[in-house]
Amino acid sequence: MSDLRQPPEPQSAPVVDQPAVDGNDGDGQPSPVGRLAATVERLRREVRAAQAEADGRALIELAKGILVERLGCGPAQASRQLAELTAQAGVTPLEFAVEVINQASRDHVSEVTSAFLAATADPPEAHSSAVRLRTAESGALAAQDTQAVADSLLEHALTPLGAEAVAIWALGADGSLALAGSAGFSTAEAGRWRHVPPGVTTVARRGLAERTGQWIRSLSETGLPSIGQHHHSDGGRVAVPAETGGRIQGVLEIAWAAPLEPPPPPIVRQVEALAELCAHTLETYGLHHPDGAPLPTVLPDVSELMDLADGLHDPALVLVPHLDSDGHLVDFRIHHVNSRFLDPAGRPRGAVSGALLLEAYPMAAGHSELFERMERVYATGEPFRAHRMRLTALVDDVPLAAVADINISRHGGSVLLIWRIEDETARLASLLQHAQRLGRIGGFEENLLTGEITWNGQLYHLYGRPPSDPAVRLEDLAAHAHPDDAVAIGRFLRTLLHQRRPASTAFRLQRPDGVTRHIRVVAEPVLDSAGQLYVVRGAYQDISAHHWTEVALAATRDQLAHSEQQASERDRLTLQLQHAIMPPTRAPLEVPGLDVAVRYRPAETQHLVGGDWYDAVVLPSRLVLLCVGDVAGHGIEAATSMVVLRNALRGLAVTGAGPGQLLSWLNMVAHHLTGAVTATAVCGLYDPENNTLRWARAGHLPPVLVRGSDAAPLPLVKGLLLGAVPEATYEEHEVQLAVDDTLLMYTDGLIERRDRSVEESLAQFLTVARAVPPTLDQQLDRLLTHSRSDTDDDTCIVGIRVA
């Protein structure tokens, strides 16, 4: 924004040495047209000077009047006193007169002058600002319409601020805006903007949104329409609400040619003071049509608004503004209460009528923001409506809440408040109806003395009967039910009607449309003062979906129990078969110079019964067959496959073939004869005469040799797991054993862990195996005890020790 500046002094217009086209004749002498134009310009300057002198004279005369009142002197003495004080202050008479007026009035202009003095280091400039504001005020007060006020504001107050145009908008009762006066805009432009309908967003209407108004840097950046937008599109705009006594009368809109920078606070205060001056002007002169006829106001008489409130069917309050000594809105007085009004605190109408709103309802200024809404409606004239607004009233210092629909509107200088308290009974009845619909519940009441029966609509729907049909008596209930339910219904009626106790039962309702519904009925007797039964009331509930759900769940439970029984029996047979073939321990094998021991640990859970197997047998050739194996999978299939492979290997071993050949034949058995199962195995033939062991492996971990304090696996020989391919060749290896050597064959259930690799588990196993107890049985038991396997798989161990 441009800094405050004085307008340039007008210069005398030349009347000679002008070309003929500008009003001079050819020889340089003024033409008649030129002389006429110079005369008009001179008269215009004289008129402006006279107006300025008149405005200044009015301020000086006002200051003299203040001195007369303060000093108790006459006008002549006050005039001399004003001249002496002006000379002593070293200022002009007009500046000193404005200072006297500021000190005496203490109004908004005085506050602006004080703020400007505090914010600037140039007191003469501050005094000049006060003179401009007072001069503009004097011109406005002397004006006969709002158009003259706009001219005075632009000339005396806004042009020094760099503004080029001003518009004064009047706010209508319907929310419309009317151009009450303008200066700096062309007549055609002002004519196009005479009326702005409600709801049309413009710069002026945006200024109503905030009490501080809208300060816009450049009109083109907002895209908002406004008066003079084509000629001042790149300039700044200010729209400030014109408010007096808490009521917004209109909007003051100011236009600049250049973009507007953030203004200092004193400039903002000056504009607010001018807006307040416009509010008083609009309140004084009101609105007029372009043809000069006044616009009608809405219900200017409070008595008419009272009549309107009395004709309403909802509770209504007529409120009038209550202003403080400075003219600011602080509250509303309850001027009238209509006959429909019900006080939430239970007070009579007379106790509320005439009281201040915040005294009668202090919680209106609380979380509901009711008072703030009323202030806004009174200020702008825009009505406010709210659905289900929460209101709070103090009753004996206890806050009681209610829910209401609110309607607030301004009519002339008064406010009409209508509230419709929500009917709790109707709301609960609606809630109950929805609950009955969702729960498929129908209610009834039967008067046993008069025979009158009352059903709700949901009960007719359950029975499949139109509401025009007669209701069914309780004693006739069995006639509408399945014959097999007659006994249960009879027991229900005896308990209810003869024993006079609440009762319930379930039955199958046979409807007229042929549909059978499963219904649960519950009822209670109602006794009179003499203890006689006269009314029975209760409810029917359609439980068909619940019934069929229970039937389906019962069938599912039976099927699940049968499946669990079958699975348990299957696991039991599998475990029994495995234990029959693979006992956990067996009798020692009698071989001269050799100790043989075996261990089998089944899985901890039956459903993990697997295909681990072992064998240790003396062949007809006096060689000892030693083998362990593991069939992939669990359950009965793995167990039966293990039996096939174990027995096949034992039968093949009597041929005298070596371990490599035996595994090659066993691979064909696994691939062709057992359903293409896969398995791993280690097969060895021990010769007691020379203490040698020939062995081969099929995808299995190699045996471990314990010699002295050392334990290590035998060299890894080639060998594919059993059943993977139709034919496979298996490499053999021979090891020479010495006295006290121990050889261990095992399945992976002994060492496998989920959280570590096979190499790490094997290293832990070798550490345990290095400690050699006195007997072979003790050593195998120790290996099982210290096993850290966590796969819950079967485990087999075959051990031999040379004696």
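Predicted model: local features only at pLDDT ≥ 70, side-chain atom pairs only at ≥ 80, totals over all residues.
Strand 1 (residues 163-171) and strand 6 run antiparallel and are joined by 7 bridges. Within the pair, Ala170 has Gly250 of strand 6 as its bridge partner, and Ile168 stands opposite Leu252 of strand 6. In strand 6, Glu253 has Ala239 standing opposite. Strand 5 and strand 6 form a hairpin with 2 residues between the strands, where Gly245 adopts a positive phi near 65°. Strand 6 itself, spanning residues 247-256, is mostly covered, with 10 of its 10 residues buried.

Stepping back, these pairings belong to an open sheet of 6 strands, ordered 3-2-1-6-5-4 and paired in antiparallel fashion. Because strand 3 (195-196) and strand 4 (214-216) each have a single partner strand, they stand at the edges, and one side of each is left without a neighbour in the sheet. Helix 14 (residues 370-380) packs on the sheet and touches both strand 1 and strand 6. The direction of helix 14 makes about 65° with that of strand 6.

The buried residues of helix 21 are Ser761, Leu762, Phe765, Leu766, Val768 and Ala769. Seen down the axis of helix 21, these buried residues fall within an arc of 160°, so they line one face of the helix. The packing partners of the buried residues of helix 21 are strand 22 (704-707), strand 23 (710-713), strand 25 (742-746) and helix 22 (776-785).

Most residues other than glycine have a negative phi. Arg500, although not a glycine, has a positive phi of about 55°. Arg500 sits in the loop between helix 17 (486-498) and strand 14 (503-510), and counts as partly exposed because its relative accessibility is 37%. Asp740, likewise a residue other than glycine, has a positive phi near 75°. The loop that holds Asp740 lies between strand 24 (732-736) and strand 25. With a relative accessible area of 55%, Asp740 is exposed, the cut-off for that class being over 50%.

Terms used. Residues numbered from 1 in each chain as written. Heavy atoms only, no water. Buried < 20%, exposed > 50% of the residue type's maximum accessible area, 1.4 Å probe, protein only. Helix = DSSP H or I, 4+ residues; strand = E, 2+ residues; numbered from the N terminus. Pairing = 2+ DSSP bridges. Arc of directions from axis to C-beta. Contact = heavy atoms within 4.5 Å. Axes fitted to C-alpha atoms, helices over the stretch in contact; angles between N-to-C directions.
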